Amino acid sequence: MAESIREIKEKLQAADYERLPELFHLYEQDERSGVFQEVEKARKRLAAYEKELERTEKLKVYEKEYAAYGCICGIDEVGRGPLAGPVVAGAVILPENCDILYINDSKKLSEKKREELYEIIMEKAVAVGIGYSTPERIDEINILQATYEAMREAVSKLSVQPGILLNDAVTIPGITIKQVPIIKGDAKSISIGAASIVAKVTRDRLMVQYDSVFPAYGFASNKGYGAQAHLDALRKYGPCPIHRRSFITHFVS
């Protein structure tokens, strides 16, 4: 008795990518339009997967170029622009020939995808370090210097000493490890992309916690950036303890 279209659909959906070509061959002679449609859906899914494999492989170009240095650490920061909250830096050492797919500049990913990738990165990474610079520190030494401090802290918290740092655009003062600044590195290097995801998820979760402490400003949704509702609340209630005083002079007296 021939398999039903529903059975074939379920088999195609459950199959590993490696097995799909075998199933395509098995069902390509089936003349039922429903089977044809399900096979085409599976073909598109496989094509998208192979495209992602290719994209991810291109993200390893710097990791391959500097492989002789041993452990390669990607570094990125999140939160230089907001009016409130800390700047957070992530430092991530991924395993050699890392097989994590869909890593990208954290800003190009949905919140759901970032959360999924965060868990995978934290599970598979050789080492992860997180650094913070508080709003008070940002006001004291300026955002650029505070960002450098957060990055140095992130590197210092790694459980494994990296042989080289791949940084998103900057060269960090006060670090003796070789550094390679890469413009838009979070979209060009798998290590920097992973660091951007870790930093982004860490900071977003922190801002959600702050929202429960200072609910008037909508930190859970705006993450401290200058959304209109945030600006309105700032003008109405004045700054709270996590606002960066040096960033809000145009909005409060």
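**Helix packing and sheet architecture in a predicted model**

In helix H5, residues Arg114, Glu115, Leu117, Tyr118, Glu119, Ile121 and Met122 meet Ala194, Ile197, Val198, Lys200, Val201, Thr202, Asp204 and Arg205 of helix H8. Contact here means heavy atoms within 4.5 Å. Helices (H or I, at least four residues) and strands (E, at least two) are DSSP runs, numbered from the N terminus. The residues of this contact divide into eight nonpolar, one polar and six charged; Ala, Val, Leu, Ile, Met, Phe, Trp, Tyr, Cys and Pro count as nonpolar, Asp, Glu, Lys and Arg as charged, and the others, Gly among them, as polar.

The model is a predicted one, in which local features need pLDDT of at least 70 and side-chain atom pairs count only at pLDDT 80 or more, while totals for chains, interfaces and linings use all residues. Residues are numbered from 1 along each chain as its sequence is written, and side-chain values use heavy atoms, with hydrogens and water left out.

Two packed helices are described by the angle between their axes and the distance between the axes. For H5 (residues 111-124) and H8, the axes come within 9 Å and cross at roughly 115 degrees. Axes are lines fitted to C-alpha atoms, for helices over the stretch in contact, and angles run from 0 to 180 degrees between N-to-C directions. The H5 and H8 crossing is left-handed, a term that applies if the near helix is turned anticlockwise from the far one by less than a right angle, with right-handed used if clockwise.

Turning to the chain as a whole, ten helices and five strands are found. The chain has a radius of gyration of 23 Å, well over the 18 Å that the globule rule gives for 253 residues, so it is more spread out than a compact globule. This radius is taken over C-alpha atoms, and the globule rule is 2.2 Å times the number of residues to the power 0.38. The C-alpha trace spans about 80 × 50 × 25 Å along its principal axes. Of the 253 residues, 47% count as buried, where buried means under 20% relative accessible area, exposed over 50%, and partly exposed in between (1.4 Å probe, protein chains only). Among contacts in the chain with a separation of 6 or more, 65% come from residues 24 or more positions apart.

The five strands form an open sheet of mixed pairing, in the order S3-S2-S1-S4-S5. Its edge strands are S3 (127-133) and S5 (178-182), each of which pairs on one side only. From one strand to the next the twist averages 20 degrees. Strands count as paired if DSSP finds at least two bridges between them. S2 and S3 are joined in the antiparallel sense over seven bridges, and valine 87 stands opposite serine 133 in S3. Although S3 is an edge strand, five of its seven residues are buried, so S3 is largely enclosed by the rest of the structure.

H8 (residues 190-213) packs on it, touching S1, S2, S3, S4 and S5, and its direction makes about 40 degrees with that of S1. H7 (residues 143-156) lies across S1 (72-78), S2 (87-93), S3 and S4, running at about 150 degrees to S3.

Glycine 163, in the loop between H7 and S4, is partly exposed with a relative accessible area of 28%. Beyond its neighbours within four places in sequence, glycine 163 is in contact with Tyr69, Cys71, Ile177 and Lys178. Its C-alpha atom is separated by 5.0 Å from that of tyrosine 69, 94 residues apart along the chain.

Threonine 56 lies in helix H3 (residues 33-58) and is buried, at 3% relative accessible area. Tyrosine 102 itself is in the loop between S2 and H5 and is partly exposed, at 33%.

Most residues other than glycine have a negative phi. Tyrosine 102, however, has a positive phi near 75 degrees, and lysine 223 has a positive value near 55 degrees. Lysine 223 is placed in the loop between H9 (219-222) and H10 (228-237) and counts as buried, at 10% relative accessibility.
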